[in-house]
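Visitor: I would like a friendly tour of this chain, with the cut-offs spelled out as we go. Could you show me the model before I start asking?

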Amino acid sequence: MKNISLIIKGFFIGVGKIIPGVSGSLLAITMGIYDKLMNSIGNFFCNIKENIKFLMPVLIGVSMAIILMSKLIFSMLDKYYVITMLFFIGLIAGGIPSLIKKVKKYNFKNIVLFILSFSLIFSLSFIDNNKSFGVNNYPLYIFFLLGLLDAATMIIPGISGSAIMILLGCYGTVLDLFSNVYEINNIIKILPFLIGVVIGTYLISKFVAYSLKKFYHESFSCILGFLLSSCFLLIINVLKCNTNLLSIFIGIILFVIGIFVSLLLEKWYILKD
């Protein structure tokens, strides 16, 4: 049953990776497995057997989501954007109470860290996410560095990888790379990118695991800022959409369902752990 719980959570994390503006790490936090996930990846070689037992079902869930849900999610976002987004905002919001409990020390330092992390995510919202850049002559080591960057944005909650790449002027290149994955020239560039993702995931997870161990309350103060800012920005984006009352009504119902699903999955893992 524990593995089933982790597969389901991995599935939601994978779906979160697909949806623009919703990071998988945010959902990992709200479902109560972010810190253990970082510890298992960052300290993988310390206890390989136990870490594999934990990571494998999560990876299975993530892979299932990406393979099975990509087209469906993009179709839902295209046809029912408000309804779909409100459900996932509910999933994120459901983890806020437990995250607040983890930040037990609300001193001046933690409040400052919260404000800084909240402001960082909020400032990224001013990047124009509709821009596309057609840079096609990057050397291979640049793709390795972009892989490291992508790993960082996957692990650090609330930071949009697409927004950062647009800021650097390489979003169009990476998008084109994976849109035409079967071309030989693109495969040559994808390999260093994936190597960067793997190495970056390990190193950054190791740093996050160390931070959570040595600066537990400070780390979760930052994470809480990331999460609340992301949730706030997602709600603003949804409110900007032109929609009808029926969609809003259904969306609110799904928002509440999302909160309960998040709370249920978090408690399920704790009970089975």
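Visitor: Is Phe-44 buried, partly exposed or exposed?
Guide: Happy to start there, with a word on the ground rules. This is a predicted model, in which local features need pLDDT of at least 70 and side-chain atom pairs count only at pLDDT 80 or more, while totals for chains, interfaces and linings use all residues. Residues are numbered from 1 along each chain as its sequence is written, and side-chain values use heavy atoms, leaving out hydrogens and water. Buried means under 20% relative accessible area, exposed means over 50%, and partly exposed lies in between, with a 1.4 Å probe and protein chains only. Phe-44 has a relative accessible area of 21%, so the class is partly exposed.

Visitor: Which arrangement do the rings of Phe-44 and Phe-45 adopt?
Guide: Rings of Phe, Tyr and Trp (its six-membered ring) pair if their centres lie within 6.5 Å; planes under 30 degrees apart count as stacked, over 60 as edge-to-face and the rest as tilted. By this rule the count comes to nine aromatic pairs. For Phe-44 and Phe-45 the centres are 5.3 Å apart and the planes make 85°, so the pair is edge-to-face.

Visitor: Phe-45 also pairs with Tyr-202; how many residues apart are they?
Guide: This pair is edge-to-face too, at 5.8 Å centre to centre and 70° between the planes. Phe-45 is exposed at 58% relative accessibility, whereas Tyr-202 is partly exposed at 25%. Phe-45 sits in the loop between helix H3 (34–42) and H4, and Tyr-202 in helix H11 (residues 184–214), so the pair links distant parts of the chain, 157 residues apart.

Visitor: How many helices does the protein chain have?
Guide: Helices (H or I, at least four residues) and strands (E, at least two) are DSSP runs, numbered from the N terminus. With zero strands, the number of helices is 13.

Visitor: What share of the contacts in the protein chain with a separation of 6 or more comes from residues 24 or more positions apart?
Guide: Contact means heavy atoms within 4.5 Å. Among the contacts with a separation of 6 or more, residues 24 or more positions apart account for 83%.

Visitor: Leaving aside neighbours within four places in sequence, which residues is Leu-37 in contact with?
Guide: With those sequence neighbours set aside, the partners of Leu-37 are Ala-28, Phe-54, Leu-55 and Val-58.

Visitor: Is Thr-84 buried or exposed?
Guide: Thr-84 is found in helix H5. Not counting residues up to four places away in sequence, Thr-84 touches Met-76 and Leu-77. Its relative accessibility is 7%, so Thr-84 counts as buried.

Visitor: What is the area of the nonpolar surface patch that includes Ile-52?
Guide: Patches are made of residues with over 30% relative accessible area and no salt bridge; like charges are joined within 9 Å, and nonpolar side chains (Val, Leu, Ile, Met, Phe, Trp, Tyr) within 5 Å. Areas come from the Shrake-Rupley method with a 1.4 Å probe, and for residues only the protein chains shown count as cover. Ile-52 lies in helix H4 (residues 48–79) and is partly exposed at 37%. Together with Phe-45, Ile-48, Met-56, Ile-60, Met-64, Ile-67 and Leu-68, Ile-52 makes a patch of about 790 Å².

Technical notes:
Salt bridge = Lys/Arg side-chain N within 4 Å of Asp/Glu carboxyl O.
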